[in-house]
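Please keep the sequence and the 3D view at hand while reading.

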Amino acid sequence: MKTEIVRKNNMEIAIVTSNEPLITDVQSALDLIMTVKYETGCTNIAINKEAIVDDFFVLSTCLAGEILQKFINYGIRLGIYGDFSNYTSKPLKDFMYECNRGKDIYFQPSVSMAVDKLLG
């Protein structure tokens with residue numbers, strides 16, 4: 001896991017990258033939240049989609065809802081970035097669309113776009 005801090009417009013965003021899944025279940029999501037918050041003090045996190053287990057993107061597992069609820073409960077805004085074009089599920093696309101319309105969770109194609117959403 002690599003963590004980089006971006007400071008812009010008086011805000012700090014922790015950019016987390018990993019080639020292996022860091023978030024595999026609710027407990028690992030909580031561990032990531034607490035680690036990033038403790039080490040960086042950031043409440044805005046951008047993470048690459050490769051750092052999240054594939055089951056997260058299968059809505060029938062309920063994993064996405066459980067994990068994202070933890071981010072909301074702990075006051076952490078999250079930007080997940082990467083290529084989502086290989087996901088064809090209409091419910092997942094609708095879920096991502098609705099998240100992008102909100103203020104706390106974003107799915108974006110690039111790290112820069114995820115950072116921009118978190119800054120907004």
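A crossing of two helices is called left-handed if the near helix is turned anticlockwise from the far one by less than a right angle, and right-handed if clockwise. In this model, which is predicted, the crossing of helix 1 and helix 2 is right-handed.

**The helix pair**

Two packed helices are described by the angle between their axes and the distance between the axes. Helix 1 spans residues 26–40 and helix 2 spans residues 63–73, and their axes cross at roughly 25° and come within 9 Å. Because angles under 35 degrees count as roughly parallel, helix 1 is roughly parallel to helix 2. On the side of helix 1, the contact is made by Val26, Ala29, Leu30 and Ile33, while helix 2 contributes Glu66, Ile67, Lys70 and Phe71. Sorted by class, this contact of helix 1 with helix 2 holds six nonpolar residues and two charged ones, with no polar residue.

**The sheet**

Strands of a sheet pair through backbone hydrogen bonds, either parallel or antiparallel. Here, five strands form an open sheet in the order 1-2-3-4-5, and the pairing is mixed. Strand 1 (2–8) and strand 5 (105–108) are the edge strands, each of which pairs on one side only. From one strand to the next, the twist averages 20°.

Within this sheet, strand 2 (residues 11–17) pairs with strand 3 (residues 44–48) in the parallel sense, over three bridges. Which residue of strand 3 stands opposite valine 16? The residue there is isoleucine 47.

Most residues other than glycine have a negative phi. Asparagine 9 has a positive phi although it is not a glycine, and cysteine 62, also not a glycine, has a positive phi as well.

| Residue | Phi | Loop | Relative accessibility |
|---|---|---|---|
| Cysteine 62 | about 65° | between strand 3 and helix 2 | 44% |

Methods
Residues are numbered from 1 along each chain as its sequence is written. This is a predicted model: local features need pLDDT of at least 70, side-chain atom pairs count only at pLDDT 80 or more; totals for chains, interfaces and linings use all residues. Side-chain values use heavy atoms; hydrogens and water are left out. Axes are lines fitted to C-alpha atoms, for helices over the stretch in contact, and angles run from 0 to 180 degrees between N-to-C directions. Helices (H or I, at least four residues) and strands (E, at least two) are DSSP runs, numbered from the N terminus. Angles under 35 degrees count as roughly parallel, over 145 as roughly antiparallel, 65 to 115 as roughly perpendicular and the rest as oblique. Contact means heavy atoms within 4.5 Å. Ala, Val, Leu, Ile, Met, Phe, Trp, Tyr, Cys and Pro count as nonpolar, Asp, Glu, Lys and Arg as charged, and the others, Gly among them, as polar. Two strands pair if DSSP finds at least two bridges between them. Buried means under 20% relative accessible area, exposed over 50%, partly exposed in between (1.4 Å probe, protein chains only).
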